[in-house]
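This note accompanies the model shown below and is meant to be read beside it.

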Amino acid sequence: MRRLGTAVAVGLALFATVASAQTARGHEDDDLAPTGKGWGEHRPSGLAKPGGGGSSNGINYHGGPVMTNAAGTDIYYIWYGNWGSNTAQSILTTLGQSIGGTPYFNINTTYYDAANVHVTNAVNYQGAISTSAYLGTNLSDAQIQQVVADAISGNLLPKNTNAVYFVLTSAEVNASSGFCSQYCGWHTHGTIAGADIKYSFVGNPDRCPSSCAAQTVSPNGNAGADGMASILAHELEEAVS
């Protein structure tokens, strides 16, 4: 799963990028280097379990949790590293504020759980924080979870089990488990402050455009941000479904 000027112009260009790129992680784009994190990855499979998924459309349910809150899914951004005046912050904030309620995200409402409760076409951007690269510029998976945990335990962001927290890293930051070589982004969940918290890593393709940017043309004049838009939309949809 992957993919609206003033604000609408930015939005249209942004979604055009995401739609054309589909996923910068390379799940269907075999010419891209990353092959997925190993969790939070779309994997073609055989028979669907009864009672969930997307009927006969090829999107199969395997018994996992689906985020079906009637009010939609909340999202938070954690800008990690040195972002300076990078326009990515404006571009991706527009995406977060705009993606819910769109025909594009409405595709996800065809997916449902074993109780036949469908995903809602609503995404609620709830805010963002910025932090320096206080854990360094070569993050382990455990450190990425720690960034989320620190934001919650420090009361910088609320603890919200109906949310996906995105750790968005600047171009000088690497993820040691395989950013640029094995994946461009991923999502998972973990126990943080006693709650089941969903979170995602989204790296900046400026670090490795040949691997994590699915096209060289940047509608928003920021190839790294446009690549991150594709990855973020992808991980949001996977986390929800």
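Predicted model: local features only at pLDDT ≥ 70, side-chain atom pairs only at ≥ 80, totals over all residues.

1. Sheet order. Five strands make up an open sheet with mixed pairing, in the order β2-β1-β4-β7-β6. At its edges stand β2 (123-131) and β6, each of which pairs on one side only. With direction ignored, neighbouring strands of this sheet are turned by 25° against each other on average.

2. Parallel pairings. β1 and β4 run parallel and are joined by seven bridges; here Y76 stands opposite Y165 in β4. β4 and β7 also run parallel, with five bridges between them. In this pairing V167 has F201 of β7 as its bridge partner.

3. Antiparallel pairing. β6 and β7 pair in the antiparallel sense, over eight bridges. H187 is found opposite S200 in β7.

4. Burial of β4. How many residues of β4 are buried? Seven of its seven residues are buried, and the strand is mostly covered. A163, Y165, V167 and T169 point one way from β4, while V164, F166 and L168 point the other way.

5. Helix α2 (residues 88-98) lies across β1 (73-80), β2 and β4 (163-169), and runs at about 170° to β1. Helix α6 (residues 223-240) lies across β1, β2, β4, β6 and β7 and runs at about 155° to β4.

6. Helix α4. This helix (residues 141-153) has 13 residues and reaches 18 Å from its first C-alpha to its last, close to the 18 Å expected at 1.5 Å a residue. Its buried residues include D141, I144, V147, V148, A151 and I152. Seen down the axis of α4, the buried residues fall within an arc of 130°, so they line one face of the helix. An α-helix has 3.6 residues a turn, so residues three or four places apart point the same way. The face of α4 turned away from the buried side carries the exposed residues A142 and S153. Just after α4, N155 takes a positive phi of about 60°.

7. Aromatic pairs. The count of aromatic pairs comes to 11, with ring centres within 6.5 Å as the criterion. Why is the pair of W79 and W83 classed as edge-to-face? The ring centres of W79 and W83 are 4.9 Å apart and the planes lie at 80°, so the pair is edge-to-face; the cut-off for this class is over 60 degrees. W79 is buried, with a relative accessible area of 3%, and W83 is buried as well, at 6%.

8. A pair between distant parts of the chain. F179 and F201 form an edge-to-face aromatic pair, at 5.4 Å centre to centre and with 85° between the planes. This pair links distant parts of the chain, 22 residues apart: F179 belongs to the loop between β5 (174-175) and β6 (185-192), and F201 to strand β7 (residues 195-202). F179 and F201 are both buried. F201 is also the bridge partner of V167 noted under point 3.

9. Aromatic cluster. One aromatic cluster is formed by Y77, W79, W83, Y125 and F166.

Definitions and conventions. Residues numbered from 1 in each chain as written. Heavy atoms only, no water. Helix = DSSP H or I, 4+ residues; strand = E, 2+ residues; numbered from the N terminus. Expected span 1.5 Å × (residues − 1). Buried < 20%, exposed > 50% of the residue type's maximum accessible area, 1.4 Å probe, protein only. Arc of directions from axis to C-beta. Phe/Tyr/Trp six-rings, centres within 6.5 Å; stacked < 30°, edge-to-face > 60°. Pairing = 2+ DSSP bridges. Axes fitted to C-alpha atoms, helices over the stretch in contact; angles between N-to-C directions. Contact = heavy atoms within 4.5 Å.
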